[in-house]
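Let's take a walk through this structure together. Have the sequence and the 3D view open side by side, and follow along as each part comes up.

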2 protein chains.
Amino acid sequence: MSVADHILSELYSVVGAEGVLVDPEALDPFLREERGRYRGASSLVVRPSSVEQVSAIVRLCARHALSLVPQGGNTGLCAGAVSDAGQVILSLGRMNRIRSIDPVNFTMTVEAGVVLETIQKAALDADRFFPLSLGAQGSCQIGGNLATNAGGLNVLRYGNARDLCLGLEVVLADGRIWNGLKRLGKDNTGYALKHLFIGGEGTLGIITAAVLKLFPRPLEKQTALCAVSDVRSVPHLLALARSLSGDQVSAFELMARFSLELACRHLDSVTDPFESPWPWYVLVEFSTTRAETDLRTVFERFLEEAFEQALIGDAVIAESGRQDAAFWRMREGLPEAQKHEGASVKHDISVPIGSVPEFLERAMQAVSQAVPGIRPCPFGHVGDGNIHFNLTQPETMSSADFLAKWEDLNRIVHDIVADMGGSFSAEHGIGRLKVDEMLRYKADEEIDMMRRIKKALDPQHILNPGVILCSDRL
Amino acid sequence: MSVADHILSELYSVVGAEGVLVDPEALDPFLREERGRYRGASSLVVRPSSVEQVSAIVRLCARHALSLVPQGGNTGLCAGAVSDAGQVILSLGRMNRIRSIDPVNFTMTVEAGVVLETIQKAALDADRFFPLSLGAQGSCQIGGNLATNAGGLNVLRYGNARDLCLGLEVVLADGRIWNGLKRLGKDNTGYALKHLFIGGEGTLGIITAAVLKLFPRPLEKQTALCAVSDVRSVPHLLALARSLSGDQVSAFELMARFSLELACRHLDSVTDPFESPWPWYVLVEFSTTRAETDLRTVFERFLEEAFEQALIGDAVIAESGRQDAAFWRMREGLPEAQKHEGASVKHDISVPIGSVPEFLERAMQAVSQAVPGIRPCPFGHVGDGNIHFNLTQPETMSSADFLAKWEDLNRIVHDIVADMGGSFSAEHGIGRLKVDEMLRYKADEEIDMMRRIKKALDPQHILNPGVILCSDRL
């Protein structure tokens, strides 16, 4: 099935020849999926350069009952931008203007296709800071970050993408443009529509622009790798860090011993800074926007107090930018390091922070029982209760045999998460990948409300069908 | 019109005799409206003590097509809890248990009827801090705070009620209970339903419990009243404060000279701390959760820098708890002080922070032209761009004549706000009071989406009809 010629010619008239891709080679990057589990099947990518063009495209698709898959940098991890045959991929990458920066108001207005790193840099150039930060920041686009409510490294201090957005411009399912680009700190006039589109994964409307919150620029940071003998200390370590720092903890990342070993084994310039092994490590960062600060003193006092309370067994403070970078390379390189050890089954879960130790104990025991020799490689944003509970295959098993256990392992881990009041998708979203998990774990009332909202805002069901809610079950 | 006897007897069987009020005297507090512009006309208050009872009441009302007005502390300023004859007032005040406090997870789970001040105190008892703070905190209830997305004094640092809530328990329009009481920092599993109920003013569901975010307890604060000669300095003063404090500005409140004069004239123990008058004043507070801090040094450095940059002309630092309280009494007593000067027409507006000076200049000039002798008394949360643009009547005019200009003045002020991309209701909500303003100023696309969502979640339209969206126009 492909898009009919007369529709194609209408699309050309909207966006011009440079805005339509049909050549298989040109299409390829839009059909790839980050984890390689899916491949898009669309034969048509449309690349508008203005909100009016997006509006015209959506109207046209609505008229012909053609469904649309909005796509940003195509870096999502839950297959939220995968297309079926006959669907139109709406790529926002040409809408890449920074419309305005207002340092006094601490806001920036950007189009959906601006790459995250470009926004970070533009903020710094204006002596301001945009805190959203994640692995894909060199290629992901802010529209996608908002549509998936991206998380990343700075959530503990600054919140998710949702918390960093004051207003949106959205093209609705019938092509109308909603201008909600408010630059206001407060606006209590009716339902919080913005919050439906943020995290809505393009199923309720297409985000074309956003007003982002900026912050004072951090002027100094202190980082340490802490060695922890008992994972039950970790939530208390965080509470101590928050209290003693004046709530200036900007990162609090957990790694298991095995995770650190993988990083040391497979990543250049990453070494274990401790003399002996520890079962757990926490990468702690304090940062401040205050000049002439006593941050180092405060940081050292925190580490001393943590040591006295036996929350940590040892700690190494990064004494240079190079050492700081090496610690971060260790943490951020983990997904890459894991690839060298064969197949992985991954989970992006969260539980209340205080329950993280219990979760880790229960889940590690359960997966080891199910697959003897399995090598759990947990790490992540423990400051948010968010663990990337990744499982590396046993050394003696084939990748195929291990991957055949994917569903079983998901079930074991997610059942424990559900039992503990947690989330089976803390920051990556639902996409196509977790539609069934959502039906399994969410209350009926909630699924029902979501279906009602989808029907209310996209009655023809043309926006990213198959993502979040399956069209055939609506 | 009153509720039929057989329904009444069904209600008695759900909540018992102590849960039903029909006596006119007992009803009175539930029929009053904070500003005295409305009076409720219901003849029946139901006071459930559990979520199951709320569910049974809503089911019963749905079956009989009876509409419900949820009510917390009944302290709202936009008539969102006013009842018509034949409506049932659902008062949440008996659902007043703190279900749990979890200091390690920095969360508290509370029922809707818990008074805000009780929550603040319970947090402090657990060595934690719940930042929501507003004039009515001794009687308003958290359910109402969430339903109206309350703002108040700490929004600049900690956000609105919305930002302080991790999860909700809600009784839906058909009586089903949605348990969304997640205690998670991150959860990206589908649409952000929570955000519809927060700020939904009881029109989409009835909030019965919530998980609240807690913070480390502030250990020290520094407060100063700053004298400002040119209001255009104010946004720059805020930017400086944010940068130099390490973003630890916990309050940033504006007062005009006339506002300060009223406070000194009418409030006990409030005096002008400066030798000569200044056109504008800003009450600035830095606070920190860090022990052994250099906050005073940082605060003084900020004031010196502000003076050197000519952003302020003078400043008085509160040197005692008593002086600090006097400064706050000045600011928080303004609505009371205003009452002594006759009638007021009030506006709760926001504009981008950088545009506050332009707004004040334009609006003060326009209202003075419309009503010569009018005495603008602007004050408010300028750190959020939120000004309570209150207008005191001319000395030579009768209150009635002045109040007859209410609509005209609203139009003048809100037209300027709209022209500047602002909000005509920054923190108080819509209620019944601002339904027409909303229809006038909101884009059609947004009103249309709101109506669709209302129909999707409350198809019988029994939840707080007349609030936010008028039932006869749906």
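Two residues are in contact when they have heavy atoms within 4.5 Å of each other. Keep in mind as you look around that this is a predicted model.

The largest nonpolar core has 98 residues, and the members that touch the most others are A:Phe130, A:Phe197, B:Phe130 and B:Phe197. Pick out B:Phe130 to see what such contacts look like. Leaving aside residues up to four places away in sequence, B:Phe130 touches B:Leu116, B:Ile119, B:Gln120, B:Ala123, B:Ile142, B:Leu164, B:Leu212, B:Lys213 and B:Leu214.

Now turn to chain A and find strand S8, residues 165–171. Seven of the seven residues of this strand are buried, so S8(A) is largely enclosed by the rest of the structure. What does S8(A) pair with? Strand S10 of chain A, residues 206–213, pairs with S8(A) in the antiparallel sense over six bridges, and A:Val170 stands opposite A:Ile207 of S10(A). Strand S9 of chain A, residues 177–180, also pairs with S8(A) in the antiparallel sense, over four bridges. There, A:Glu169 stands opposite A:Asn179. The hairpin of S8(A) and S9(A) has five residues between the strands, and A:Gly175 takes a positive phi near 95° in this hairpin.

For another stop in chain A, go to helix H14, residues 399–403, which holds A:Asp401. Is A:Asp401 buried or partly exposed? With a relative accessible area of 47%, A:Asp401 is partly exposed, because that value falls between the 20% limit for buried and the 50% limit for exposed. A:Ala343 is 58 residues away along the chain, yet its C-alpha atom is 9.7 Å from that of A:Asp401.

Finally, look at where the two chains meet. Chain A and chain B each bring 89 residues to the contact. About 7400 Å² is buried between them, with carbon and sulfur atoms giving 54% of that area. On the chain B side, B:Lys186, B:Asn188 and B:Tyr191 supply 14% of the area that chain B buries against chain A, more than any other three residues.

B:Lys186 also forms a salt bridge, its side chain meeting that of A:Asp384 at 3.3 Å, N to O. Several elements of chain B supply at least two residues each to the side touching chain A, including strand S9 (177–180), helix H8 (234–245) and helix H17 (444–457). H17(B) gives the most to that side, with 10 residues.

Note on methods
Residues numbered from 1 in each chain as written. Chains lettered and ligands numbered in written order. Predicted model: local features only at pLDDT ≥ 70, side-chain atom pairs only at ≥ 80, totals over all residues. Heavy atoms only, no water. Buried < 20%, exposed > 50% of the residue type's maximum accessible area, 1.4 Å probe, protein only. Core = buried A, V, L, I, M, F, W, Y, C linked by side-chain atoms within 4.5 Å. Pairing = 2+ DSSP bridges. Buried area = accessible area lost by both parts, 1.4 Å probe. Salt bridge = Lys/Arg side-chain N within 4 Å of Asp/Glu carboxyl O.
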